[in-house]
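Here is a short briefing to read alongside the structure. Take a moment to orient yourself in the view, and then work through the notes by topic.

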Amino acid sequence: IPGIPIAPPAHMERVPSSIFHSGRFHNPPGSVDFVPSRPPSVAQYFRDSRAKRHVPNAVTDPALRFECLPRLSEFVNAGADGIFWIGHACFLICLDGAFFLIDPFFAQRAGPSLAGFTLGPKRLHGPAVMRSDLPPLAAILVSHSHYDHVCRADMRYFARLHQQSPPRVLCPLGLGKFVRSCGFPQAQVSEHDWKDVAVVGTVKLTCLPALHFSARSLTDRNKSLWVSWRLDGPAHSVHYLGDTAYGSRIFRAIGDALPPPDVALCPIGPWEARDFMGSVHCDPVDGAQLAADVRAKALFPMHYRCMRYDGATVRAQGPVLFRKRAQQLGYALDAIWTQPEGTYRLLP
């Protein structure tokens, strides 16, 4: 009602955007909210994924870490603008000498812990490096509440490690209470709506839309927002597209409104069973199109290879299909950064 102030919901710091109604967030008009498929479709998806895996249970691979640690040291010591892929959707980004960690997930499973046991899907392999290997952080950015994008144990670790000088934590609306419960002080945690802008040092951080959903339990579905993040330093910019489905209107509008980022980090999985996954995840063709829509100069596929729900087709064919579509969209091969976890790219 005009003239009457609206109080924010109890678990949020401020009044949310217009896509919040009936107590929950929703994707924008014209997109499809996540609706679980009929049970046979869901069951078939998991049967197909299990049949195609043929991989052992996840273990932290010391050989992988031994191989990747020197590359992380090179990246950190260079102090140049760039990105280091830790694994899945977790990145260490350096802009103007400051390090930003996006979607921290170093655990072996993506799920809740009950009576000392962690439930949820397993990783196929551990992260390229451990959280203890990382340099001091200027900020941690979170895209949404799912367990494979923000792990409570990891957040508690970073809160304890940096007790004297904790990094800023920027998260979507509705997720601040969870972050603070991990030990971060109130002053270091900020919730953000789409189109919000924050500044950390010399880097501008813009909270932008994604098409997805959120949940950490059976009772909190869509009670926190889901976002993508754009990081603009003095010389370079990175658009982390988060976990998202494809929607041409949303992402082309972003491309029209903002200058081209130097690189877009594009999710490309899981995509099998499109009637089940299509409203919340991109396939490789969609992922490449995201980069073109936001007018990125280079593109980097992510959110595949790591988890047990990524079938063999996703792991093997994902980068091939992504590269093919990117070339069709006019990208040169040296602008299509398909590379394994534990590697980095300096921004040109």
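Gly174 sits in the loop that links strand 9 to helix 4. This is a predicted model, and in it Gly174 counts as buried because its relative accessibility is 13%, below the 20% cut-off. The C-alpha atom of Gly174 is 6.5 Å from that of Leu225, although the two residues are 51 positions apart along the chain.

**Around helix 3**

- Helix 3 covers residues 152–161, and its buried residues include Asp154, Met155 and Tyr157.
- Phe158 and Ala159 in helix 3 are buried as well.
- The partners of these buried residues are strand 5 (98–102), strand 8 (139–141), strand 9 (168–172) and helix 4 (176–181).
- Strand 9 and helix 4, which both pack against helix 3, are also the elements on either side of the loop with Gly174.

- An open sheet is built from 6 strands in the order 11-12-13-14-15-16, with mixed pairing.
- Its edges are strand 11 (197–200) and strand 16 (299–302), each of which pairs on one side only.
- From one strand to the next, the twist averages 20°.
- Within this sheet, strand 12 (residues 203–209) and strand 13 (residues 227–232) are antiparallel partners joined over 6 bridges.
- In that pairing, Pro209 is placed opposite Val227 of strand 13.

**Helices 5 and 7**

- Helix 7 (residues 284–293) lies across strand 15 (263–267) and strand 16, and its direction makes an angle of about 155° with strand 15.
- Helix 7 also packs with helix 5 (residues 248–257), at an angle of about 35° and with 8 Å between the axes.
- On the helix 5 side, the contact is made by Ser248, Phe251, Arg252 and Gly255; on the helix 7 side, by Gln289, Leu290 and Asp293.
- By class, the residues of this contact are 2 nonpolar, 3 polar and 2 charged.

- The chain has a mean pLDDT of 86, and 82% of its residues reach 70 or more.
- Residues 1–6 stay under 50 in pLDDT, and the model gives this stretch 1 contact beyond four places in sequence.
- Residues 49–60 also stay under 50, and here the model has 26 contacts beyond four places in sequence.
- Where pLDDT is low, predicted coordinates should not be read in detail.

Definitions and conventions: Residues numbered from 1 in each chain as written. Predicted model: local features only at pLDDT ≥ 70, side-chain atom pairs only at ≥ 80, totals over all residues. Heavy atoms only, no water. Pairing = 2+ DSSP bridges. Helix = DSSP H or I, 4+ residues; strand = E, 2+ residues; numbered from the N terminus. Axes fitted to C-alpha atoms, helices over the stretch in contact; angles between N-to-C directions. Contact = heavy atoms within 4.5 Å. Nonpolar A, V, L, I, M, F, W, Y, C, P; charged D, E, K, R; others polar. Buried < 20%, exposed > 50% of the residue type's maximum accessible area, 1.4 Å probe, protein only. pLDDT = per-residue confidence, 0-100.
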